[in-house]
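Trainee: I want to check the labels on this model against their cut-offs. Can we go through them one at a time?

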Amino acid sequence: MTDLIRRRPWIADVGVVGCYLLVALFVTGPLWLRRDHMVVAHNDQMLFEWMLAWAAHAVIHLENPLYSTQLGVPDGVNLMANTSVLGLGVPLTPVTLLFGSQTSFLVAVVASLAGTAAAWHLFLSRRLVRSRAAAAVGGLFCGFAPGMISQASGHLHMIAQFLVPAILWFVFHPAADHVARRGIPLGLLVAYQFFLGEEVLALTVLAVGLLAVGYAVADPARARRLARPFLSRLAVGALTAGALLAYPLWFQFYGPGHYRGLPFDVGAYSLDLASFVTSARQSVTGSDALAGKLAPNPTEENSFFGLALIVLCAVIVVWQRRRPEVKALAVCAVVVAPLSLGPSVQIWGERTGVPGPYRLVADVPLLDLALPARFPLILIPIVAALLAISLDQVQRAARDAPASDPPVRLLWTGAVAAALLPIAPVPMRTVPVWPVPEFVASGEWRPYVPPGRTLVPVPPTSGDEAIAGMFWSARTGLEFTVPGGYFIGPRGPDDPGARWGSPERPTAALLAEVARTGQVPEITDEHRRQAVEDLRFWRAAVVVQGGLHNGNAVKETVDRLLGPAEPRAGAWVWDVRHLVG
């Protein structure tokens, strides 16, 4: 078998990729087994299920994939200005149509984790190290590091990184010839990554710049020789990508439903300095209480590398300091890591008052839209590359060492394993969610909703549970339109400032407050008049309430607004066609 692999090394690559798939299935296992559960950030899963369903809908109906009127009635949603992951949704169209948005989401998570690991394995084994085993370890870390598992708890656009190694392959190609032959594929890859995740693309551009500067400082003579083809490839790639992305970029920033800025304080999504030496909550040695104090939420635990791994990487940098690529990796890491601390440094949950380096880039275009907590994602392939280099080096040294020498390879492999095992991933945590009401899932709603009218969920557009309509829409293949949704849009027709969801209507705010508090307010004739006006604005035909926290209070409130509800197949239904005309 060893001789066969030596003659046909691709067999080893296939075996490694198969192992990555098994790890991805192990990590996502609870989601496959418990279909009534979702990832911890269940609102994000609902969002991306809808995006995948929309991509399939746009493909089969030949609609503009950058904009949709299926959400946010009557204004619609600029999907190019949101995380629409068309790069995943379009190729997954057959899966979505045959098996539904939930299965499509899980396939996307598995493909992103395993695909990212496989792509880095191929890059490392072809470009950085000779040992397939060393590259396999590096790829494993790239696909399943704590930050990747954390992002997999809801953020498809952040874990779909399988094109990043291919982009770097062309950017840092050592050959000086065939500039156009390598620059054009680079542009095509950049354009595709744009439709997978713009934030990952922005982080990649930052990493490329830092690595190029670091390498130029480490080996100026070789950098000067490669500078011209390097810059030429970038120019050709930029022109290619620019030509392909000109319209999508215009649509994103100037098309209908565009907005400016973000609806939240970016600086609030910062990491604690102590998080770098701690384990994430979805790691073998993770702690909910500790990780919860050091990261803004469970999906942003990107810096939780652990003290042992950080020390190990420092040892590798000192040991391999003569290699220009190691110096470049170290420079990139030293610059990027502090950016995750945000505008003000925090340690062990306490504000220090020390200004964070993030303030230096807070106003830089593109970087001003990147969350500080996500900068450590750049560190994941840096750590992986250092590990691969070290394992490759000890393997070479072991082959050359006399038999009487200590088993260097065994000792170093043990040290790497000891650093990685505490932060190894465990099966992803899940949370139960309210099921889609049978009234909606079975299609019993159809006689109530004529063309051009909407199904209005309760609460309609505001509050944590107002995403129900978007979720129901995704699970039924976007068969009906709903007001509101979980997206970013403008505050109003004359105000492009960003906000979550659609501009708020009084009835939506009222029902969201009841859902939050469980307190039934006094309902007046003015409330009833406003409810009818809001229903007309939403083009409502039927109002539907499914499973809901404080559901009794919400139902009683809607009853007082619209009249008694009908119980229909696991839902409360208010036929409002006679009210809105």
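Trainee: What makes Leu 156 a contact of residues beyond its neighbours within four places in sequence?

Mentor: Contact means heavy atoms within 4.5 Å. Leaving those neighbours aside, Leu 156 is in contact with Phe 48, Leu 52, Val 85, Leu 88, Phe 105, Ala 108 and Val 109. Bear in mind that this is a predicted model: local features need pLDDT of at least 70, side-chain atom pairs count only at pLDDT 80 or more, and totals for chains, interfaces and linings use all residues. Residues are numbered from 1 along each chain as its sequence is written, and side-chain values use heavy atoms, with hydrogens and water left out.

Trainee: Which residues touch the most other members of the largest nonpolar core?

Mentor: A nonpolar core is a set of buried Ala, Val, Leu, Ile, Met, Phe, Trp, Tyr and Cys residues joined through side-chain atoms within 4.5 Å. The largest has 143 residues. Trp 50, Leu 113, Phe 141, Leu 156, Leu 309, Phe 375 and Trp 472 touch the most other members. Another core, of 23 residues, lies apart from it and includes Val 458 and Leu 561.

Trainee: Why is Asn 550 called partly exposed?

Mentor: Its relative accessibility is 34%. Buried means under 20% relative accessible area, exposed over 50%, and partly exposed in between (1.4 Å probe, protein chains only). So Asn 550 counts as partly exposed. Asn 550 sits in the loop between strand E10 (540-545) and helix H23 (551-562). Helices (H or I, at least four residues) and strands (E, at least two) are DSSP runs, numbered from the N terminus.

Trainee: What makes a space a cavity and not a pocket?

Mentor: The work is done on a 1 Å grid over the protein atoms alone. In a cavity a 1.4 Å probe fits but cannot get out; a pocket is an open set with protein on both sides within 12 Å along at least five of seven lines. Lining residues have an atom within 4 Å of a point. The whole structure has two cavities of 30 Å³ or more. Thr 507, Leu 511, Leu 535, Val 543 and Leu 562 are the closest to its centre, of 13 lining residues. H23 gives the most to that lining, with three residues.

Trainee: How many residues line the second largest pocket?

Mentor: The lining has 37 residues, with Phe 123, Phe 172, Leu 211, Tyr 215 and Glu 325 nearest the centre. H12 provides the largest share, eight residues.

Note on methods
Points joined across faces, edges and corners; volume = space filled by probe spheres on them.
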